[in-house]
Amino acid sequence: MSSFRRNTLGLGAALAALAVAAPLVPRWALFLVVISLAKGLVALGLLLLMRTGLVSFGQGLYFATGAYAAGVAANTFHLGDGVILVLAGGLAAAAVAAVLGLLLARYRAIFFAMLSLAFSMILYGLLVKTSALGSTDGFNVAPKTVFGLSLSAATGPGRYGVYALAALCAFGTAVAVDRYLRSYLGRLAPAVRDNELRVEYMGASVRNVVHLNLIIAGALAGVGGAVTALAVGHVDPEMAYWTTSGEFVFVAILSGTASVAAPFAGALLLELLRSFAYEHAPNTWQLVMGSAMLAVILFLPDGLWSVFRRRRRAAA
Amino acid sequence: MSAILEAQGLTKTFGAVTAAANIGVSIEEDTVVGLIGGNGAGKTTFLNLVTGYLKPTAGTIRFCGRDITGMPPRRITRLGICRSFQIPQVFDSLTAYENLLVGLGIVVMGRKAFVGSHLGAGRPEQVADEMLARFHLAGYRDEPASVLPEGVRKLLDIAMALAVKPRILLLDEPTSGVSADEKFALMDLVLGAIRADKVTVLFVEHDMDIVRRYTERVLAFYDGKVIADGASAAVLSDPEVRRLVVGETAPEGGRRDAQG
C-alpha cells in the first residue's frame with residue numbers, strides 16, 4: 001500500500017472518529033474541536049511555508065481576510081450557506097496572497113517574517129479604522145444553513161452543521177496537501193529551502209515556487225478564518241493582530257512538519273491545554289503555555305509528531 | 001558536425017578587472033572539450049557567462065544558432081545547457097534519489113519548455129533509479145545528501161545536471177576534491193554516463209593527464225583571453241601554454257605532465 005493511501009485512510013479514520021464523537025461529547029468540546037480544526041488549517045499552511053524555508057509571522061492577515069470575507073458575503077450579499085462562505089473566505093485570502101506574494105516572494109528569512117508581520121498589522125490598522133466593518137468591535141456573522149441544513153434548529157442534524165463543515169474542510173485539505181507534497185511541484189519546496197541557486201540551474205523558477213506556496217498557505221488560512229467566523233458567529237480585528245499570527249507559529253512549531261495531520265493534532269492539544277490552564281490557573285495560564293512550548297522545543301525539536309516517527313523507527 | 005555553442009567577442013569586466021576579454025569560442029556538437037587555465041584565468045567566469053549567471057559586458061553567446069545572451073540560467077537550462085559545480089550544489093536534506101527526482105520532475109512538468117526532453121523517456125521515478133545505477137550511486141539511494149562523502153556528492157551533482165536533459169554539459173572541475181588515484185575511475189564513470197546520451201561536454205580541469213586522456217580538443221585560458229584552441233596534443237605541447245598554464249597549475253599535475 002502506498003504511503004499516500006495509508007495517510008488518506010488514516011485521515012479518513014480521524015474523520016470517522018470525529019463523526020462518531022459528535023453526539024457523545026458536550027457542546028463546549030465540539031466548539032473546541034471546530035476552533036482547533038480551523039487553527040490547524042492555518043498551521044497546515046505554515047507547514048508548507050516552513051518546508052519552503054520560510055516562517056510567516058503574518059498569517060493572521062489571511063485568517064482575518066477569510067473571516068471578514070465570509071462575514072461580508074453572509075451579511076452584505078446574503079449568501080446563507082456555510083459552504084459558500086468558507087469558499088469565499090478561502091478565495092479572498094488566496095487573492096490577497098497572490099497580490100502580496102508579488103513582493104513577499106522576493107524576501108527570505110527575517111525580512112520575510114517581518115514583512116509578512118507588517119502587512120498583517122496594516123490590515124489590522126485598516127479594520128480598526130473602518131466603521132463600515134464595525135471598527136474594533138467587528139460584526140456578527142450568522143450563517144443560516146450548512147449543506148442546506150438549517151443551523152437555527154435546536155435539534156436535528158443542523159446542530160452539527162459547522163462542526164461537520166470544519167471536519168470536512170480539514171479532511172479535504174489534508175488529503176489534498178498530502179497529495180501536493182508528493183507531487184513534482186510539491187517536491188520543489190524543500191529543494192528551494194536547501195539551495196535556491198541549484199533550483200534555478202535545474203530550470204525552475206524559485207520565485208514562482210515561493211509564490212505558489214504563499215498562495216496555498218493564504219488560502220488555507222482564509223478557510224480557517226471563515227470556519228472560525230461561522231463557529232464564533234463574530235469577526236473582529238484581533239484576528240489580524242500579531243499575537244494571533246504568533247499563536248499559529250506556536251501551533252506549527254508544536255506540531256512539526258512530519259505529517260499533514262500534525263497541525264490539527266497540535267492545534268487541538270493547544271486548545272485543550274489552554275482551556276485547562278485557563279480553568280485551573282486563571283492568572284498564570286500564559287506561564288503554563290510558555291512552559292509547554294519550552295518543553296517541546298527542548299525535548300521534541302521536530303514537533304510533537306516526531307514522537308510517532310521515533311517509535312516507528314525504534315520498532316523497525 | 002555543427003557548432004552547438006558559439007561565443008563572439010565575449011567580454012566581462014568587474015570594475016578595473018577584466019575577467020573575460022574578447023573571447024571567441026565555437027564548440028562542435030558531440031565532442032569532449034577541455035578548458036584549462038591557471039587560477040583567475042577566467043574559466044569559471046566563462047561558464048557563468050554561458051549559463052547566464054553573469055551578464056556579459058559585451059559580446060554574444062549563441063546556442064544552436066540562437067542568441068541566448070542575457071537570458072537567466074533557468075531559461076538557458078531549459079534550452080539544453082546545464083552545468084555541474086566545483087563545490088557540489090546538492091539539496092542537503094533530500095536523499096540522493098530525491099535530489100535526482102527534483103530535476104527529473106521539473107523536466108516532466110515543463111516538458112514543452114525543455115528542448116532536450118525527448119532524450120531518455122520514462123517515468124521520473126524509474127529514470128532516477130537508472131541514473132543512480134549508472135553513476136554507481138544506488139548504494140546511497142536513501143541517504144540524505146548532507147551525510148554523503150564528498151566524492152559521492154560530486155557524482156550526484158553531475159548526475160543532477162544530466163537529469164535535466166542537457167545537450168551540452170559544462171563540468172566545473174569534476175575531479176577537484178577527489179583523491180589522485182580515484183580521478184581516472186571517476187572520469188571514466190562520469191564521461192561514460194554522460195556520453196551514453198551523446199551529450200556534448202566542456203569541462204574545466206587542472207590535471208593535464210586527465211585533459212590529455214579524455215578530450216579531443218582543448219581551450220587554454222590566460223588572463224581572461226583564449227591563448228590556444230585546437231587538438232589536445234597540440235595545445236598541451238604549445239610552449240606558451242606550457243609556460244603560462246601548465247607551469248602554473250598544481251605542482252603535482254605539472255610534474256607528472258613533465259614526466260609523461
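A residue is buried if 20 or more other C-beta atoms, placed from the backbone, lie within 10 Å of its own; with 12 or fewer it is exposed, and in between it is partly exposed. By that rule B:Lys43, B:Thr44, B:Thr45, B:Phe46, B:Leu47, B:Asn48, B:Leu49 and B:Val50 are buried in H1(B). This is a predicted model: local features need pLDDT of at least 70, side-chain atom pairs count only at pLDDT 80 or more, and totals for chains, interfaces and linings use all residues. Residues are numbered from 1 along each chain as its sequence is written, while chains are lettered from A and ligands numbered from 1 in the order in which they are written.

**Chain A**
- Chain A has 13 helices and 4 strands (DSSP runs of H or I, at least four residues, and of E, at least two, numbered from the N terminus).
- Of its 316 residues, 49% count as buried.
- The C-alpha trace of chain A spans about 60 × 50 × 45 Å along its principal axes.

**Sheet of chain B**
- An open antiparallel sheet has 4 strands in the order S2-S1-S4-S5 (strands pair if DSSP finds at least two bridges between them).
- S2 (17–28) and S5 (66–67) of chain B are at the edges with a single partner strand each, so one side of each has no neighbour in the sheet.
- S4(B), residues 58–63, pairs with S5(B) over 2 bridges in the antiparallel sense.
- B:Phe63 stands opposite B:Arg66 of S5(B).

**Helix of chain B**
- Helix H1(B), residues 43–50, is mostly covered, with 8 of its 8 residues buried.
- After H1(B) comes B:Gly52, with a positive phi near 85°.
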